[in-house]
Amino acid sequence: MIEIYLLEQLATFEECKTLSKAAEKLLVSQPALSRSMQKLEDKIGVRLFERSKNRIFLNKYGKLAASYARQIINKENEMIEHVRFLEYSNHTITFGSASPGPNMYYPRILSKIYPDKEIVTELQDENLLLDGLNKGNFQFIFLPHKIYSEDLFCTEAVCEHLYLSVVSGHPASSLKEVSFKDMDGEPFLMYTHVGFWEGIVRENMPASRFLLQYEYNDFEEIVKNTSLPSFASSLFTDKAVPGMDSRRTVPFSDKSAFATYYFICKNSSKRMYREFIASL
């Protein structure tokens, strides 16, 4: 049997073209690398290199061997990655969303259904979410629109309504609802990681200035101690709006202030999460 390190060294030699560069990249001496390549030739039983006084290079058999070596190395890495992910997924549920709403709303529900699982969430844009789902980095994802694919299961999950959060003395605090146009021009305090919602509020309130906070703890502390308007969500107005005791939440009336999220997973995973799907 050929040791994997010999194949790795062969592939590196083909990449680097010279013994000295390959040895430097592999952090081994040139004599040691030369002995390894001789050992590989002995195991295969075919001469893989052409040697001269000042040069060594792959012949056509060596190039073929190097091509197979890369495939074997890739398969080994794929095997390790898949086995590790299977072990990881046995005790972890990782899902992603295009906004923080589902990431804050669903972990509590998932923990009740799967008490032996650790819940991990990620906020990403749509392309990265779909790519991660395809690669197995996410067990499922949430997007604010349907996905049509023969390989994916998609079903409506939850609706989110964007709210205005203001102190009690603010002119909008007594209103039953407010529009983006009504608030356009006012400065807003906003947490940076809000996904697609940032684009929506910037588009609908072009005259407003948004004071971004990159750390949630800082955002929370500033909201508690400022009269600046901020945003809230219908998914967690009862627990995730900082300073709720001194603030009121007023729903935005605009159509774009509503989002419907869809649960999306691979068809092969649907059975695994059927209990959670039934709770949506």
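Is Trp197 buried or exposed, and at what relative accessibility? At 6% relative accessibility, Trp197 counts as buried, where buried means under 20% relative accessible area, exposed over 50% and partly exposed in between (1.4 Å probe, protein chains only). The structure is a predicted model, in which local features need pLDDT of at least 70 and side-chain atom pairs count only at pLDDT 80 or more, while totals for chains, interfaces and linings use all residues. Residues are numbered from 1 along each chain as its sequence is written, and side-chain values use heavy atoms, with hydrogens and water left out.

The pLDDT (the predictor's confidence in each residue, from 0 to 100) averages 90 over the protein chain, and 97% of the residues score at least 70. Over residues 238–243 the pLDDT is below 50. Beyond near neighbours in sequence, this stretch has 14 contacts in the model, a contact being heavy atoms within 4.5 Å.

Trp197 is found in helix H8; helices (H or I, at least four residues) and strands (E, at least two) are DSSP runs, numbered from the N terminus. Not counting residues up to four places away in sequence, Trp197 touches Ser99, Glu160, Leu162, Ser256, Ala257, Phe258, Ala259 and Tyr261. Ser99 is 98 residues from Trp197 in sequence, but the C-alpha atoms of the two are 7.1 Å apart. The buried residues of H8 (residues 197–204) include Trp197, Glu198, Ile200 and Val201. They cover an arc of only 165° around the axis, which puts them on the same side of H8; the arc is that of the directions from the helix axis to the C-beta atoms. Their packing partners are E6, helix H7 (180–183) and strands E7 (188–191), E8 (210–213), E9 (230–233) and E11 (258–266). Glu198 counts as buried at 18% relative accessibility. Leaving aside neighbours within four places in sequence, Glu198 is in contact with Met190, Thr192 and Leu212.

A nonpolar core is a set of buried Ala, Val, Leu, Ile, Met, Phe, Trp, Tyr and Cys residues joined through side-chain atoms within 4.5 Å. The largest has 45 residues, of which Tyr106, Phe140, Leu164, Phe231, Phe252, Phe263 and Phe276 touch the most other members. Strand E6 (residues 152–167) supplies the largest share of this core, six residues. Beyond four places in sequence, the residues touched by Leu164 include Val178, Met183, Phe188, Val250 and Phe252. A second, separate core of 20 residues includes Leu10, Ala11, Ala23 and Phe49.

Helix H3 (residues 30–44) has 15 residues and reaches 21 Å from its first C-alpha to its last, close to the 21 Å expected at 1.5 Å a residue; the expected span is 1.5 Å times one less than the number of residues. In H3, Leu33, Ser36, Met37, Leu40 and Glu41 are buried. These residues fall within an arc of 140° seen down the axis, so they line one face of the helix. On the other side of H3, Arg35 and Asp42 are exposed. The buried residues of H3 pack against helix H1 (4–16), helix H2 (19–26) and strand E1 (49–51). The N-terminal end of H3 is capped by Ser29, with a side-chain oxygen 3.2 Å from the backbone nitrogen of Ala32. Gly45, with a positive phi near 85°, follows H3.

Lys17, in the loop between H1 and H2, has a phi of about 80° and counts as exposed at 58% relative accessibility. Leu27, in the loop between H2 and H3, has a phi of about 60° and is exposed, with a relative accessible area of 76%.

Methods:
Polar contact = N/O pair within 3.5 Å; in protein donor to acceptor, adjacent residues only side chain to side chain.
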